[in-house]
Amino acid sequence: MEYREFHGQMISRLGMGTMRLPRVGGKDGAPIDYEAAEQVIDCAYDNGITYYDTAWPYHEGTSESFVGKALVSRHPRDTFALATKFNYRANPDYRYVFETQLERLQTGYIDFYLMHAVMDNSIDSYLSCGCIDYFMEQREKGRIKHLGFSSHATPPVLRRFLEAGDWEFVQIQLNYLDWEYATTHEEHDIIAEAGLPIVVMEPVRGGRLASLTPRANDMLKEAHPDWSIASWAMRWVRTLPQVQTVLSGMTTVEQVLDNVATFSAEDTLSADDLAVLEAARDAFHSELVVPCTACRYCTETCPAGIDIPEVLRLYNKIKMGSQTSRAMIANMEGGHPEDCIGCGLCVSQCPQGIDTPAIMAELTEIPAENATTRSIPKKD
Ligand code: SF4
Ligand code: SF4
């Protein structure tokens, strides 16, 4: 296992996320399968993982208690680091939340404490409710060792929150797909500029990078038949020097062992491997989204009055995991996907050969309030 020093403490570069523990019967919403989940935690601990990440809302509020019982009560407290979070939306009473978390986790202190999921529409709640001063006081008292936050914010809002506190680390979603096709690279550079280490969440993008399209999978398998597709994503994140620890929400012992092997290997990715990964990533992305250039040749003739390039732009965002773009399509002026009569006039005008009527039909099937039904799962 690879370790990296953080303020004098050696922390494993692979961290155990506890938001996807095994559930009874493998069913969504079912309670944690304690016995199976304990085996996963034991496997992580025995293989040298020393960073355990939980949060108030995970597993319908039971993840922290599970970690307290399965990890904290069974091992010397100084052999691992605990991370948990204050989530304003889940419960804004930060004093009550923090005291309850210490009880749930059966500990007198939290090693890494985070403001949870800072976003453009939640930043003001965190900045105005008084929680930051309170948690800084807890740090002075030794009840919190290190203070940071997890961000899903746009780059300017991330910068604003960075400037609002005396933070020691930042957690962001970071993976090779979003690095190229979203704002992740910019977020990384903003945090690096501030001199703070990064804890990575969603290195495999909620599992989406565990299996790409058949063509992209083949490219990776041809280069390294013995590497899992998911391990490419973990290896890539491991190459970034600003990254302190990479979280993986592991459900099975097999996943733990695969990740441990990745973070124990001497080598990460060679220049040739990186070239293969970039080619596979681009192939995957091109098959995932439609290549509309917004030339607007199709819009004049659409009898339904649909702003086709705008719909396709938002459709691509849905495919990349946007949770708001389906509702934006529903709120557009003019025609909507449901108004498409399948006349095909747009297809005959399109230099890119895009099958727009098929996409309109697909969008009609996706409810506006559930825009991610057919998309890449995203974010915690
Ligand atoms: S197929 Fe649908 S989107 Fe295309 S021109 Fe006809 S009505 Fe408009
Ligand atoms: S003609 Fe094709 S590429 Fe041009 S705007 Fe319409 S869908 Fe997009």
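## Briefing: barrel, helix packing and ligand shells

Phe149 stands opposite Val170 in E8. The model is predicted: local features need pLDDT of at least 70, side-chain atom pairs count only at pLDDT 80 or more, and totals for chains, interfaces and linings use all residues. Residues are numbered from 1 along each chain as its sequence is written, while chains are lettered from A and ligands numbered from 1 in the order in which they are written. Helices (H or I, at least four residues) and strands (E, at least two) are DSSP runs, numbered from the N terminus.

**Barrel**

- A closed barrel of 8 strands runs E3-E4-E5-E6-E7-E8-E9-E10. Its pairing is parallel; two strands pair if DSSP finds at least two bridges between them.
- Neighbouring strands of this sheet are turned by 25° against each other on average, direction ignored. Axes here are lines fitted to C-alpha atoms, for helices over the stretch in contact, and angles run from 0 to 180 degrees between N-to-C directions.
- Strand E6 (residues 110–118) runs parallel to strand E7 (residues 144–151), joined by 6 bridges. Ile110 has Ile144 in E7 as its bridge partner.
- E7 also runs parallel to strand E8 (residues 169–173), with 4 bridges between them. Gly148 stands opposite Phe169 in E8.
- Strands of a sheet pair through backbone hydrogen bonds, either parallel or antiparallel.

**Helix packing**

- Two packed helices are described by the angle between their axes and the distance between the axes.
- Helix H1 (residues 34–46) packs with helix H12 (residues 253–264) at about 15°, and their axes are 9 Å apart. H1 is therefore roughly parallel to H12 (angles under 35 degrees count as roughly parallel, over 145 as roughly antiparallel, 65 to 115 as roughly perpendicular and the rest as oblique).
- H1 and H12 make a right-handed crossing. A crossing is left-handed if the near helix is turned anticlockwise from the far one by less than a right angle, and right-handed if clockwise.
- From H1, Gln39, Val40, Cys43 and Ala44 meet Val253, Val256 and Leu257 of H12. Residues are in contact if their C-beta atoms, placed from the backbone, lie within 7 Å.
- The contact of H1 with H12 has 6 nonpolar, 1 polar and no charged residues. Ala, Val, Leu, Ile, Met, Phe, Trp, Tyr, Cys and Pro count as nonpolar, Asp, Glu, Lys and Arg as charged, and the others, Gly among them, as polar.
- Helix H7 (residues 155–162) and helix H9 (residues 184–193) have axes that come within 10 Å and cross at roughly 20°. The two are therefore roughly parallel to each other.
- H7 passes H9 in a right-handed crossing. Pro155, Leu158, Arg159 and Leu162 of H7 make the contact with Glu186, Glu187 and Ile190 of H9.
- The contact of H7 with H9 divides into 4 nonpolar, no polar and 3 charged residues.

**Ligand shells**

- Ligand 1 has 15 residues around it, and Cys302, Cys340, Cys343, Cys346 and Pro357 come nearest. A residue is near a molecule or strand if its C-beta atom, placed from the backbone, lies within 6 Å of it.
- Helix H16 (345–349) and helix H17 (356–365) are the elements that give two or more residues to the shell around ligand 1. H17 supplies the largest share, 3 residues.
- The shell around ligand 1 has 12 nonpolar, 3 polar and no charged residues.
- Ligand 2 also has 15 residues around it, with Cys292, Cys295, Cys298, Pro309 and Cys350 nearest.
- Helix H14 (residues 308–319) gives the most to the shell around ligand 2, with 3 residues.
- The shell around ligand 2 divides into 10 nonpolar, 4 polar and 1 charged.

Methods
Contact = placed C-beta atoms within 7 Å.
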